Amino acid sequence: MSRPNRSERGTRLRRRSAGLRRWLERRALALTTLVTAGVLAVMLYLPVGVVFVEAVVDDGAATLSFFRAVLTDPFYVGVLADVFAEPLAVRTHLESLVGWFGAISVSVSLESPLPGVSLPIPWLALEMPPIRKGLFGFTAYQAALSTIASVALGLPAAYVLANYEFRGRRTLRSLTILPFVLPGIMVAVGFYAMFGQAGTLNQGLGILGLGPIPFIEWNPLAIVIVAHAFYNAPLVARVTVAAWESVDARSVETARSLGASPRRAFRDVVVPQLLPAVLTGALLTFIFTFMTFPIVLALGGLQLATVEVWIYDRVRRLAYSEAATLAVLETLLSLALTYAYLRYESAQSGLARAATAPSRTPLFPDLRTALSPRRLAIVGYGLVALVVFVGPLASLVVGSVTDGSGFTLAHYAFLLERQLEGASYQTLPWVAIRNSLLFGVATLAVAVPMGVVVSVVTVRAGRGGTIVDTLAMLPLAVSGVVFGLGLLQGLVFGVSLPGGWRFQVTGGVAIVAAHAVAAYPFVTRNVSPLLSTLDPALVESARALGASRYRALRDVELPLVASGIVAGAAFAFAISIGEFSSTVLLASGSQSYTMPVAVERYLGRRSGPAIAMGTVLLVVTAASFVVVDRVGGRFEQ
């Protein structure tokens, strides 16, 4: 029997290779989906599960003692501690709660969730309720105040953007997305640079012969609330503008023709159509500020500790069971709030109208109109918005090159000196910048494919896709601190496997995993709407011509949704660059710290270098967005 010659062997190898390639193409989407599910199981559900197990297991036995200890401790739940301890006392305490709601009055002292801490409030007095709130109560209280402030700042912006035409209106509306991509720690440092002892506000007061006034020390709660409004007022404005522009102008005209005054027509016709959007923005704001962390940590610390800040402190003190219990309770509350939001959003989704949009009028058509009370009120609001939204970022840049005596480069000189002469155990600026960029690129490589795969599965899987979408969106309801705690307790410390093996993820890999899990939902949210609008006949035609499902996805669908992929990639990169909550836990004691972590470490020692490092973070973030936008623009073409 003759042996096959070299040509025959080559032909067989090519046939086998082609067959393997076809097999992979036919099953590529299924294999990618399995890999994505495996990554989510290991990097998302396992860490969250570890936190839940840590809260209900003690020495290998199931227990609820940790929950009992938290729920019966007035420090955590305030007056409700007695209710949980003695169920028969429910009626008495409900009566006391009703009495509390009727007894709110202005106070001149700022209560902290920590016992024995009280601060004077000589300006903009914010009352703390005369009740034992506890840690959860204070967290909800500051979230409620932040929601009120966000709605109060966001609604006037929505009114102006929806009803008036002026140069730069579209640009200004687009900029309402900006706060969502700014690192929280950078915003906190910006507010510190503006309201601090040597901040720009005190410098301006110094020119007038006033100050300096220790705004942050006197009333840190007010500064925290304004910082939360910086983040969430644009969210309220964005969702309300969309609703305002869809108001049926014909219904308003009908009301006016029936004799209704402009005010009556607005109240009876416009307000009911805006209310769902306003409530949606308010509910989202409450959820976001309930889980607040970097702003409170930087501006208030343990003095104004929220649940997130206290979990972080417990982890630093190695009180993992207590931290896990608080994390579980916070996660359950946030899941309940998120579920309420999703149900409300679903209930309102069918109320959209194909309406005649109201026309916009010129903001300042002439000098006489410009001096009208309404236009002057808009100008006044513009000045307030300028202070709240532009002031902190401008103060960040100005504060990095000034001190109490004027212009200086000493803060940047400190960073340069620290980089050149600092010890390896110190926080070095270039290491932080390098790590942030490397983690950002790695996050893109992981989060974008995961987000696209989840989008394909949820859009094309019919009813089952809804279940997948709900499970995959878990990172939106789990805070960064809780997720970081789960990674720390599980993968970083290691998980024992059968046969004596141990699975462990540490250092930069753990941080990239945390960033990717936090970022991929934003890729999904940008890609899924575009995929759902594509005509299924396009894919069916490609399949009829012999293309595999993977080939149809790669050559037909993905090019048509490239803009959504690029937008999701930009969000993923920005989230990685600015992520702080989980990174500050995972980078502790290692060389894997990022720029936001470096800012927090410098802020705890010297404010000048922290402000300079925050400015570097701002510049790197802006430059990164330019690069991602340019590269993404080429792909879209």
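1. The axes of helix α6 (residues 134-163) and helix α13 (residues 262-290) come within 8 Å of each other and cross at roughly 140 degrees. Axes here are lines fitted to C-alpha atoms, for helices over the stretch in contact, and angles run from 0 to 180 degrees between N-to-C directions. Helices (H or I, at least four residues) and strands (E, at least two) are DSSP runs numbered from the N terminus. The pair α6 and α13 is therefore oblique, given that angles under 35 degrees count as roughly parallel, over 145 as roughly antiparallel, 65 to 115 as roughly perpendicular and the rest as oblique.

2. This is a predicted model, in which local features need pLDDT of at least 70 and side-chain atom pairs count only at pLDDT 80 or more, while totals for chains, interfaces and linings use all residues. Residues are numbered from 1 along each chain as its sequence is written, and side-chain values use heavy atoms, with hydrogens and water left out.

3. The crossing of α6 past α13 is right-handed; that is, the near helix is turned clockwise from the far one by less than a right angle, anticlockwise being left-handed. On the α6 side, the residues that meet α13 include Phe136, Ala140, Ala143, Thr147, Val151 and Leu155. Their partners in α13 are Val278, Ala282, Thr285, Phe286, Thr289 and Phe290. By class, this contact has 10 nonpolar, 7 polar and no charged residues. Ala, Val, Leu, Ile, Met, Phe, Trp, Tyr, Cys and Pro count as nonpolar, Asp, Glu, Lys and Arg as charged, and the others, Gly among them, as polar.

4. Helix α8 (residues 184-195) and helix α9 (residues 200-207) pack with their axes 4 Å apart, at an angle of about 15 degrees. They are therefore roughly parallel to each other. Ala193, Met194 and Phe195 of α8 make the contact with Thr200, Leu201 and Asn202 of α9. The residues of this contact divide into 4 nonpolar, 2 polar and no charged.

5. The structure holds 3 salt bridges, a salt bridge being a side-chain nitrogen of Lys or Arg within 4 Å of a carboxyl oxygen of Asp or Glu. Asp313, Arg314, Arg317 and Glu322 are linked by such bridges in a network. Asp313 pairs with Arg314 at 2.6 Å, N to O, and with Arg317 at 3.0 Å between the closest N and O atoms. Arg314 also meets Glu322, at 3.7 Å, N to O.

6. Asp313 is buried at 9% relative accessible area, as is Arg314 at 14%. Glu322 is partly exposed at 24%, and Arg317 is exposed at 55%. The cut-offs are under 20% relative accessible area for buried and over 50% for exposed, with partly exposed in between (1.4 Å probe, protein chains only).

7. Thr36 lies in helix α1 (residues 6-56) and is buried, with a relative accessibility of 6%. Leaving aside neighbours within four places in sequence, Thr36 is in contact (heavy atoms within 4.5 Å) with Met450, Val453 and Val454.

8. For the chain as a whole, the secondary structure comes to 29 helices and 10 strands. Of the 637 residues, 48% are buried. Among contacts with a separation of 6 or more, 73% join residues 24 or more positions apart.
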